Structure formats: structure tokens, C-alpha cells
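Let's take a walk through this model, one contact at a time. Keep the viewer open as you read.

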Amino acid sequence: MHCSCNTINLDHQNFTTMVHQAHEHGDLFSRRCILVNGPVIVGAGPSGLAVGAGLQQQGVPFVIVDRADCIASLWQNKTYDRLTLHLPKKFCQLPFFPFPPNFPEYPSKYQFVDYLESYAKRFQINPRFNESVESAKYDESCGLWRVRTVVDDCEVEYICRWLVVATGENAEKVVPEFEGLDEFAGRVMHACDYKSGEAFEGERVLVVGCGNSGMEVSLDLCHHNAFPSMVVRSSVHVLPRETSGKSTFELASSLMKWLPVKVVDKILLILARCSLGNLEKYGIKRPVMGPIELKNTHGKTPVLDIGALQKIKSGKIQIVPGIKKFSSTGVELVNGENLEIDSVILATGYCSNVPSWLKESDLFTREGMPKMPFPEGWKGKSGLYAVGFTRRGLSGASFDAIRVSQDIAKIWHQETKSQSNHYVTVSCDRRCK
């Protein structure tokens, strides 16, 4: 296979230094090399698209790479059919492009994907798909980022001044280890592979996890005449999605402008108690820390109820405690009870995959989240940025995307103006093995 070396303008001094150093190491021309006169954005989800739109608005060139074959692959391929946005659409739209006015207050996942496709088309964003990032490292010798990817059987190396990490908080599924699970004879899947309860009709299903995904999967199973039992191992905040016809999130956001977090949390809990009742008698305990404070400090999102609680109260969704171990036909719980089950769905969440490919320790923790809390965790050293890690959903990602694109554009325009007469290009042709 032949792989030509595409080239985009790069500052002469940095490029010359980079070539010299790379020749010393003998690795510059061992793979396809692409020199990018702008940032490389890793991730073609909402965060990456939002950054791309901001850069496009300001005339800054960029490259977006994504390991999947489509934009927003998590939304398209890893979500259940009945999913809708949990917050009103005005809190979920990306910069410079509102939702169509005919969309409902809580768009479905299919409507949201259509919106993202239109967004990419509107801003002429064309990600490079099926390209998995193997490593990204800042080269001190030349002051540039070297981002190595794999596409088909060919290695590609991008050389760039800025790197935007937009893979987000939910890049990889979390699959806890349970004793005996490998011996269980029934079906086991993560919630990312669950589409509909239709395939589970008449089955006894253990749903592990009581977050928004666990609640909604359990509700969907009920709608398809399955018999779900949901594991509630720890405390969780459950709030009504709406209060007196108004979004609970919107109400909280309004109150936060005038009142301290702890006061707003108390108001939300009083409203939740009035509308949902005492949930402890059904096996759901609330955390000591309030819902907003818990979200801000630990990133634990409260559940916004869309009907699961009614099924819990009626007994159609059984609440069970933590798991001790599995057997071939069922599960033993920590209280000694044994359940016979047919299938297991792990609604155990997702995590960042940044530590597996980004070689730096300044901006991100070992868990792949920014070390500094929102709103400070968007910018690191040496042209490194993070978008989609705020624990504040799409609104947080949009907020950071605007700041990142503006910051890069400011520097890019300054450098382009001062160095407009000092650019070089190079080309090469090598075989990929």
C-alpha cells in the first residue's frame, strides 16, 4: 500500500527543527505524515463538532479524527431506542446553531443525531473516520504535538501546534468484575449494547445500576412485558424531570443565580419529596450531600425521573441490594436473598479513555479527567485543550468549546500574521507495512 505524505503549511523554524530532530531518531518518514496548520481535534462527538464550528467561524483550519465510522458514535451506536434528551433542548444545543423550532422540548436520540448531522453540514465539518489515535505526545525538541493514528493497515502521524481532546467522559464502558458472572448461563450485556426490551419479553432481567440509564432501561423492560429487578447498591438522588410544568434543571439554574448551592439543594429536595414521596421505603436512599453539590464535587448526576418511579412503587420494577455473587442460573444478593434470572444488563456507566493514548500528566488525572474543576479544566500547557469533561453535559461542552476555539483562533491569527512569509512545504511517498 502506498501512503503519500500530505502537507499543510507549518511555521518554517519549527518545521526545520522538527525535521532535524526526527531524522536523528529516524522516525519522521516511517509512516504517513500530515502537517496541520491548526489544531488536531480528537473526537467527532458534540464536543469536537462544537470546537470545529467555532474554529470554522474564525477561519482557522483544523483536522478532526475519530475511531468510529460516524459522528457522535456514542449517540448513534451505544444508546437505547427510547432515549430522549434529559434536559430541555435550549440547554443542549451547540454554539451558533439552535435546534429546529419544530423539535419537541425533549428531542429523541434520532432527532438529536439529525441535528448533529445538520450541524456538521452547516459548518462544513468533515471528520476523518475509522482513525484510532494510538498516542499523542508533545515533542519538546520542536514545540509541536505528534499524534499517531492507525487507519486500515497504515500508520498516520499528525504534526500540529495545538491538540484538542474531545473524546469526553463517556468514551469507554465500565464493566465491574462480579464473582461467578462468567459462570452465569444467561445473557449478559452492557447498557451500551441494549436497544429495546422487545428481545427480553417475559424474561427476568437483573439491571445492575440505578442511574438514569438503569432507571430508563428498567422502565423500557416493563413496557415490553419483562420483569426487571434493579440493583441499588448505594444512595442516589431522584428528582422529577419537571416541577409544575417547568424543567427542574431550569428551575435550579435560575435559583443558582441568586442563592447558594446548599440552599438550592434544600429547595430541590423539598420539591422532590412533595412530588415523589418518601423513596426510602422502596429501597432508594438519598445521599447526605445535596444533588447539585454532589454533581459539582463528585460528578454524580441525579436521576431525572420519567416514569420509572411509578413502576417501582407498583412493584413492576423490583429494587434489590448489592450483588454478592452469580451462579449459573441466578444471583445471590448481599442480604442473602437468591434471585433466579434470565439476563443481566450492566448499567454501570462509562469512563474516559484519555490515559490510554495521551502522554502527558499536567492537564488530566490518571482517570482521564481534568485536574482542575469546572470552569478551569479546559486548558493545559503547550497548546493542549480539553472539551467535554465538565460533568455538565452538553451545555458545559458548548461553554468550553467556545473558549477553546476563541483561544486557539487568537493565537493562530497572531502567529499567521507575524510569520506569513515563513512557511515551507514538503512531500514524500513511503510504503506502509
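Start with Arg 241: its charged end sits over the ring of Tyr 106, 3.8 Å from the ring centre. A charge counts as over a ring here if NZ of Lys or CZ of Arg is within 6 Å of the ring centre and within 35 degrees of the ring normal. Arg 122 does something of the kind too, with its charged end over the ring of Phe 123, 4.8 Å from the centre.

A word on ground rules: this is a predicted model, where local features need pLDDT of at least 70 and side-chain atom pairs count only at pLDDT 80 or more, while totals for chains, interfaces and linings use all residues. Residues are numbered from 1 along each chain as its sequence is written, and side-chain values use heavy atoms, leaving out hydrogens and water.

Now zoom out. The protein chain has 10 helices and 25 strands; these are DSSP runs numbered from the N terminus, H or I of at least four residues for helices and E of at least two for strands. Of the 433 residues in the chain, 50% are buried, meaning under 20% relative accessible area, with exposed being over 50% and partly exposed in between (1.4 Å probe, protein chains only). Take the contacts (heavy atoms within 4.5 Å) between residues at least 6 apart in sequence: 67% of them join residues at least 24 apart.

Which residues of H4 are buried? They are Lys 109, Phe 112, Val 113, Tyr 115, Leu 116, Tyr 119 and Ala 120. These cover an arc of only 155° around the axis, so they lie on the same side of H4, the arc being taken from the directions from the helix axis to the C-beta atoms. Their cover includes helix H2 (46-57), helix H3 (73-77) and helix H10 (393-418). After H4 comes Gln 124, with a positive phi near 55°.

The structure holds 19 aromatic pairs, a pair being rings of Phe, Tyr or Trp (its six-membered ring) with centres within 6.5 Å; planes under 30 degrees apart are stacked, over 60 edge-to-face and the rest tilted. Phe 364 and Phe 389 have ring centres 5.3 Å apart and planes at 75°, so this pair is edge-to-face. Phe 364 sits in the loop between strand S22 (358-359) and strand S23 (384-386), and Phe 389 in the loop between S23 and H10, so the pair ties together parts 25 residues apart in sequence. Phe 364 is buried at 5% relative accessible area, and Phe 389 is buried at 7%.

Finally, look at helix H5 (residues 212-223), which reaches 17 Å from first C-alpha to last, close to the 16 Å expected. H5 is mostly covered, with 10 of its 12 residues buried, among them Met 215, Val 217 and Leu 219. The cover includes strand S10 (204-208), strand S11 (227-231) and helix H9 (308-313). Just after H5, Asn 225 takes a positive phi of about 60°.

How values were computed. Expected span 1.5 Å × (residues − 1).
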